[in-house]
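These are my notebook entries on one structure. I put down what I looked up, entry by entry.

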Amino acid sequence: MAAVRRVLLLGEGNFSFAASLCGAAGTHVVATCYESEEEVSGRGRAAESIRRLREGGAEVVFSVDCTKLKDYFLPEKRQFDCIYFNFPHCGRKAGVVKNRELLARFFHSSAEVLTEEGEVHVALCNGQGGTPADQPRREWHNSWQIVAVAAGAGFILSNVHPFKAETIHGYKCTGYRSQDKSFCVEGALNHIFTRSTPLLCFKPMICEIELESRKVSFQVPQVLVDKINRGFLELNSNHPVRTVKEKLTADLSQAFPLQNIDYCLSLLHQGHLNGVCHSNIFWIILSPEETPSTEEMSNGLANAVLFSHVDFCRDTDKNGWVNVQEGCHVSKQYYLRPSLLPYAQAIIQRGAFLPGTLHVLSGPVFRKCLITPYSMPVFHEIVFVCAVNRGTENSYIQMLVNNIKTSMHSLHQTVSSFKLNINLQEATSFETTELNDFAAFESQLSKIQYFICMEIDTSGSCEKGSCVGIIRTAHYELGSSELVVVFASLNLDLLAMLICGISDWRMLWTSDTRFLSQFPRGELRLFKSFSLYPPSYVHDVSFWVPDGEQFDEVAFHTIARQVSGEMVVSIQLIDSFQQSETGRKSLCYRLTFQSCDKALSRQEVAEMQLLFRKEINQHLRVTLR
């Protein structure tokens, strides 16, 4: 027998809305109002609606304060699946501030009596909510700011649609300025809120790996604690990143002999990366003596992640190739792998390849970067490696890209009717300032011949596409044969975002089950956000840069990521000046905080900003102003 759905209605004026819901199969209605029964009964049609409710088995409760809901129900009767509050108002000529306060207290109270999967429906007159759904939209300061107010109690706006009073049988609005008078509901909206997953408070995480046949450990950088070892590419995963990878490799295997590199790739690299800015690297110090015992790991006492792998130590020869030896001395100069290219080069260096066979490597890589919607400190890379006869490399590259195009087109057609364009562009046609972070970092690793760019045409005109992949070549001699090795690297996360219409990379890493539930059995679909119009908060910070030092902007952004748990979506330099007398330099940045999947309150952001100021003062040695 299906469970009965419990519905709570608040602030009923004449109970006509409650009466329209009464009698629905599998639903138990609890209808309430703020006034006493004597006060309500005198309103037109109220007595009739109350009678219908009681005859239909509903509960009718009077003198209920929506800000103290748990006081009116026994503990076993406090769990409601849906709470309705239509056109809340403090009464008479109360202004927007008082009505915001009413909503804030109401949402906190609702959180105490709502089931985990429950919904809160709030209907507001046109313009009151302050969201883009309101037409026309009021200025923010003159609205009820309902999404920001709800965030303070842990709710996100998951849906919004017109409140169509004419479709509700017998409904008649009343209560204009606390009187038995109707009010205009044309353009009114029903806002549907659900619980957010809580903001995460990350504990330090120790990662344990096997290196040179012994266990070593290191502390995971805090910005990566919730992203390490997520298993998006594993067999049991239905994550869209894995779907893109599997589709791509399956299609390419029809056109080329293909071999997956199935041994585990080292999480760490060692040594020096020529040409790569040290600020873009997650440097790691190994701590062999701090390794948790096996017993502690099995008991869950240590917050640790286990990795087993083949590890390589690396040097670079005069041609820029990576020399790889196994079992070399453990150095403390380690860093999380920023690329799979060294492993691809290692396959060639060791001769562990078949000419003409497409070798495939994939896995997460880690790069410090500036904060933008498409800049990721971690993403999943897939690298294709093939050695071909010299002189045939250009035709091979074109054939490889054509097959990638065909695969992505067929995948995109199952998701959207928008046109997908994939282009191969020569690296020389790009200015450095035009490159996204993915392409800009790749250009530091070694020379690039081509960029693979992808764009979705949603309006009949396309801007320059996002770089989703790069192609390199290198010469190699095998006996008497002169071969050219082709390396093609793709950013699987960017591909998944563009194909599924995901506008924020952070959504790929959300712990909210409503994300993956949209991709059952790994089927790709156009993503629909479950957190609409999330509030944003702006804070400025200004400071003096230490004398004689170059300001590290990547480190500045990384600290913002760390203290906010990736809640900072934008950092803009809004002012810069230098004192002519002393030469001291002052910078002023504007930080915008916004979550894509969680409730984020003004108070939480204020605490993040205070912590951010403390951290940049301590780690970047700036003098706050």
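**Entry 1: two packed helices**

I began with helix α6 (residues 240-253) and helix α11 (residues 492-500), which pack at an angle of about 100 degrees with their axes 9 Å apart. The axes are lines fitted to C-alpha atoms, for helices over the stretch in contact, and angles run from 0 to 180 degrees between N-to-C directions. Helices (H or I, at least four residues) and strands (E, at least two) are DSSP runs numbered from the N terminus.

Before going on I note the basis: this is a predicted model, in which local features need pLDDT of at least 70 and side-chain atom pairs count only at pLDDT 80 or more, while totals for chains, interfaces and linings use all residues. Residues are numbered from 1 along each chain as its sequence is written, and side-chain values use heavy atoms, with hydrogens and water left out.

How do α6 and α11 lie to each other? They are roughly perpendicular; angles under 35 degrees count as roughly parallel, over 145 as roughly antiparallel, 65 to 115 as roughly perpendicular and the rest as oblique.

I then listed the residues that meet, contact being heavy atoms within 4.5 Å. From α6 they are Pro240, Val241, Val244 and Lys245, and from α11 they are Leu492, Asp493, Leu495, Ala496, Ile499 and Cys500. By class, this contact of α6 with α11 has 8 nonpolar, no polar and 2 charged residues. For these classes, Ala, Val, Leu, Ile, Met, Phe, Trp, Tyr, Cys and Pro count as nonpolar, Asp, Glu, Lys and Arg as charged, and the others, Gly among them, as polar.

**Entry 2: Asp493**

I followed up Asp493, which sits in helix α11. Is Asp493 buried or exposed? Asp493 is buried, with a relative accessible area of 0%; buried means under 20%, exposed over 50% and partly exposed in between (1.4 Å probe, protein chains only). Not counting residues up to four places away in sequence, Asp493 touches Val241, Met376, Val378, Phe379, His380, Leu508 and Trp509. I also looked up Glu381, 112 residues from Asp493 along the chain, and found their C-alpha atoms separated by 7.9 Å.

**Entry 3: the chain as a whole**

The protein chain comes to 14 helices and 26 strands. Of its 625 residues, 52% count as buried. Among contacts in the chain with a separation of 6 or more, 72% are between residues 24 or more positions apart.

**Entry 4: helix α8**

Helix α8 (residues 341-349) has 8 of its 9 residues buried, so it is largely enclosed by the rest of the structure. I wrote down the buried ones: Leu341, Pro342, Tyr343, Ala344, Gln345, Ala346, Ile347 and Ile348. Just after α8, Gly351 takes a positive phi of about 70 degrees.

**Entry 5: a cavity**

I counted 3 cavities of 30 Å³ or more in the structure. A cavity is a set of points, on a 1 Å grid over the protein atoms alone, where a 1.4 Å probe fits but cannot get out; lining residues have an atom within 4 Å of a point. Grid points are joined across faces, edges and corners, and a volume is the space filled by probe spheres set on the points.

The second largest cavity has a volume of about 40 Å³. Its lining is Val147, Ala151, Phe155, Ile156, Leu157, Ser531, Pro534, Pro535, Lys598, Ala599 and Leu600. The elements giving two or more residues to this lining are α5 (146-151) and β6 (155-162). β6 gives the most, with 3 residues. By class, the lining divides into 9 nonpolar, 1 polar and 1 charged.

**Entry 6: backbone in the loops**

In the loop between β5 (114-124) and α5 I looked up Pro136. The peptide bond from Gln135 to Pro136 is cis, with omega near -5 degrees. Gln145 is in the loop between β5 and α5 too. Gln145 has a positive phi of about 50 degrees although it is not a glycine, and it is buried at 9% relative accessible area.

Tyr533, in the loop between α12 (513-516) and β23 (537-544), also has a positive phi, near 45 degrees. Tyr533 is partly exposed, with a relative accessible area of 34%.

**Entry 7: Phe202**

Where is Phe202 placed? Phe202 is in the loop between β7 (189-195) and β8 (206-211). At 23% relative accessibility, Phe202 counts as partly exposed. Leaving aside neighbours within four places in sequence, Phe202 is in contact with Gln222, Val225 and Asp226. The C-alpha atoms of Phe202 and Leu224, 22 residues apart along the chain, are separated by 9.7 Å.

Methods: On a 1 Å grid over the protein atoms alone, a cavity is a set of points where a 1.4 Å probe fits but cannot get out, and a pocket is an open set with protein on both sides within 12 Å along at least five of seven lines; lining residues have an atom within 4 Å of a point.
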